[in-house]
Amino acid sequence: MTYAPVNGLSLYYESHGPGVGRPVVLIHGALSGIGTSFGTILPLLAKTRRVIAVELQAHGHTPDVDRPLTVENFAADVVALLDHLGIETADVLGWSMGAMVALRLGTDHAPRVGRLVLASVSFHHGGVYPGLLDGIQDLQPEHLHGSEFHEEYLRTAPDPAGWPNLVTKVKRLDGDLPQWPASAIRDLASPAMIVLADSDLIRPEHAVEMFRLLGGGVAGDLTGLPRCQLAILPGTTHTTIPQRAEWLVPMVDEFLDADGPGPAPSPAAAQAAAAAPESAAAVDRTVADQPVGRTA
């Protein structure tokens with residue numbers, strides 16, 4: 001087992017795959033670890049690239065320390081791990097809470113990030129379904145006994161009795177999740193892929209809103225493909241996204257291997273699109289004029 005001394009804690013990480021090219025850092029979800037977040041995804045990604053999987057403070061093999069769990073602290077720990085490993089720039093794939101950490105890396109530590117894959121992320125509180133988190137403070141540690149997250153914790157944590165403390169700290173984190181202004185998303189330097197389940201905790205309208213802020217929602221046959229991508233996985237829930245490795249990994253591999261914006265349209269494709277009875281450009285303008293819903 002490998003640990004890095006970062007910011008006062010011993011951060012557990014794993015390194016897999018060939019040691020060439022820009023690595024990708026995997027950041028798990030809340031109450032999860034490498035196994036439950038990336039158990040099927042990691043081996044497939046590691047076939048073609050170096051993969052660094054991390055377990056954040058109080059999660060998995062990484063012990064807790066006397067500080068709160070915050071997205072900002074997590075992001076700083078990942079940057080410190082990159083420094084420890086001598087890695088200047090890495091791609092980042094985060095799921096759920098890990099996607100928020102990845103987004104914070106992209107906005108606050110942009111020079112350290114190549115490309116971002118954000119699975120189930122919201123950038124403001126209206127991104128989740130109304131009322132979804134209202135009962136989170138009533139969650140008790142025993143409610144999760146027998147879950148895959150609890151079972152993984154018992155197998156990996158240096159102090160298996162620390163589960164109640166982790167749940168308490170995660171509840172505090174969920175009660176004060178970060179938000180980003182639209183301008184921060186619009187100005188994101190890293191190309192980003194947004195991944196969502198069609199039955200996720202995050203509203204699909206929110207994912208589309210974020211996609212548009214990143215430059216998506218265009219008629220690609222006329223303008224060329226944008227740097228950002230949007231993938232909505234059918235028949236999938238928030239917690240089953242990690243089980244869709246056979247869909248996700250080929251898309252993620254292609255996105256991470258891309259260099260620059262997508263290909264420009266061929267003249268023939270542009271002419272065909274422009275000659276259509278209702279051109280793609282007109283459809284795109286109509287869609288763009290529709291207001292994107294927000295909740296308080």
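Me: How far apart are the end C-alpha atoms of helix α4?
Reply: This is a predicted model, in which local features need pLDDT of at least 70, side-chain atom pairs count only at pLDDT 80 or more, and totals for chains, interfaces and linings use all residues. Residues are numbered from 1 along each chain as its sequence is written, and side-chain values use heavy atoms, without hydrogens or water. Helix α4 covers residues 97–108, and its 12 residues at 1.5 Å each should span 16 Å (1.5 Å times one less than the number of residues; helices, H or I of at least four residues, and strands, E of at least two, are DSSP runs numbered from the N terminus). The end C-alpha atoms agree with this expectation, lying apart by 16 Å.

Me: How many residues of α4 are buried?
Reply: Buried means under 20% relative accessible area with a 1.4 Å probe, protein chains only. Among the buried residues are Met97, Arg104 and Gly106. Helix α4 is largely enclosed by the rest of the structure, because the buried residues number 10 of the 12.

Me: Which strands stand at the edges of the open sheet?
Reply: The eight strands follow the order β1-β2-β4-β3-β5-β6-β7-β8, with mixed pairing (strands pair if DSSP finds at least two bridges between them). Each edge strand has a single partner, so one side of each is left without a neighbour in the sheet; these strands are β1 (2–6) and β8 (229–237).

Me: Which residue of β8 is the bridge partner of Ile194?
Reply: Strand β7 (residues 192–199) runs parallel to β8, and six bridges join them. In β8, the partner of Ile194 is Leu230.

Note on methods:
Buried means under 20% relative accessible area, exposed over 50%, partly exposed in between (1.4 Å probe, protein chains only).
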